[in-house]
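Here is a short briefing for a first look. Please view the sequence and the 3D structure before reading on.

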Amino acid sequence: MALAQAKPASGPTVAILGAGVAGICTAIKLKQAGFTDFTIYEKAAEIGGTWRDNTYPGCSCDVPLHMYQYSFDMRPDWTKKFVFSADIKAYLESVVDKYGLRGHIRFNTEIDDARFDEASGAWTLKSGDRSFTAHVVAAGTGQLHRPVRPDIKGRDSFAGDSWHSAQWNHNVDLKGKRIAVIGNGASAIQFVPEIAKEAGSVTVFQRSASWVLPRPQREFYGWERAIYKALPWTMNIQRWKIYWFGELLFRSFRTSGDKLKQMGIDEMKLYLSDPEKQRKLTPDYEPGCKRVLFANDWWPTMGMDHVDVVTDGIDEIVPSGIRTKDGAQRDFDVVIYSTGFDTTHFLGPMTMKGLAGRDLKDAWKTGAEAHHGMTVAGFPNFFMLYGPNTNLGHNSIIFMIECQANYITQCVKKLRNDDLLYLDVKPEVQRASNESVQADNANSVFASGCTSWYKTASGKVTNNWANYTFKYWWRVRRPNFAEFNLRTRTASAQGNADGIGTPVAAAE
């Protein structure tokens, strides 16, 4: 039975999925625009998203902090240029309290099913046996929150301790232990140097090498912090310097990356004299095809005698350790999986059905896509933050999230001001948008041939924005409502077999 159509008393109700960086930002923007009827549904018992989940030793942000905080809430009391996950989590906690968001959050509530009712213009959301309704859904669930363990034969037979880096077991004492690390991505680059300080041995099982460049970490001088406190606007000067440096870095992803290559190789050779280790740890792809990593202690650690790297593929995990395809077996006390996340299945196992019961998984059967990474045809009043093709390899995702939160807020205003039942991006608009994005990706290093988490198994780049971020800002600074089918609250319900609504009103 269709839900009864009713005009919201004070604007559309909004469901925000996730209390991480994106969800918090969206809630603040809505509140600043006068909307208070919103609820943040958070699957965990705390806020923070990836900065709550990742607590491995050395976990930190590789974006300078002036670009990794909200532009509307810059703080002068940071002590260093790059900060740890606990620092960002504390910042987000203080932001939630400052803007009065805690009362809007439903903790321990993971939405697993969402269905749109065309007659009412509302979504029904379910979390287990609980049910909620909202006119608008803004999904801030992110791309890096579903840890993946590789499907290796015998994985569950290992007799020692094992865990994924995003589910760190802090109860295990690693002192003197023989530790295997499977994977060498962004997390391993940070925690391997930390565990190597006390481990008896560390063996990294590597599928492909990473480009690792020095990270210009430093403490802020007292006079710098004093200036930031006395003249807050000076923090924005530093923010924009970092922003434009990031935009210049993007040029390396469209042209030759020879300078980045040489920087990485020079840094490696400072600490590694073993030619065989150098060979194993030198990537065979262009910088940026996989994520470029920044660290100061990775190369010194890899130069240590008790740290080894194995490039032979893993054949099987046995109770005592790992057997590689060359027949060699190595015994370990601990196995740590640094094997990343399920990044290309946006919204994960959640079921989402739009107009005429259209399933989002069917709409994305060839790979996720969305107009500006936010809206999908046939799924009215539904928006994503950090959605398809909005991840970055050269700048701060918070910049992108703020652009998206502003865009979504303007759409919610449109729903309220024009008394709309819903708005739904036109299929041809989404198609053109995706073709433009894929053309950019085809001309970028992201599509240059390596295997990365930016792509589906078929090779479609679904995660990255292969352009300058100021171009993204320009495109989404104001929604073009001519790109949407707009349904007024008084119109009779209509829809076609594809689940795409028919507009009854047009707007410039």
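Predicted model: local features only at pLDDT ≥ 70, side-chain atom pairs only at ≥ 80, totals over all residues.

Residues are numbered from 1 along each chain as its sequence is written, and side-chain values use heavy atoms, without hydrogens and water.

**Aromatic rings**
- The structure holds 23 aromatic pairs. Rings of Phe, Tyr and Trp (its six-membered ring) pair if their centres lie within 6.5 Å; planes under 30 degrees apart are stacked, over 60 edge-to-face, the rest tilted.
- F220 and Y228 pair edge-to-face, at 6.1 Å centre to centre and 85° between the planes.
- F220 counts as buried because its relative accessibility is 11%. Y228 is buried too, at 9%. Buried means under 20% relative accessible area, exposed over 50%, partly exposed in between (1.4 Å probe, protein chains only).
- Y221 and W223 form a stacked pair, 6.0 Å centre to centre with 10° between the planes. Both of these residues, Y221 and W223, are exposed.
- One aromatic cluster is formed by W240, Y243, W244, F399, Y468 and F470.

**Charges over rings**
- The charged end of R477 sits over the ring of W474, 3.5 Å from its centre. This requires NZ of Lys or CZ of Arg within 6 Å of the ring centre and within 35 degrees of the ring normal.
- K414 lies over the face of F481, 5.0 Å from the ring centre.

**An open sheet**
- Five strands pair in parallel, in the order β8-β17-β9-β10-β13. Strands are DSSP runs (E, at least two residues), numbered from the N terminus; two pair if DSSP finds at least two bridges between them.
- β8 (161–164) and β13 (307–310) stand at the edges with a single partner strand each, so one side of each has no neighbour in the sheet.

Terms used: Helix = DSSP H or I, 4+ residues; strand = E, 2+ residues; numbered from the N terminus.
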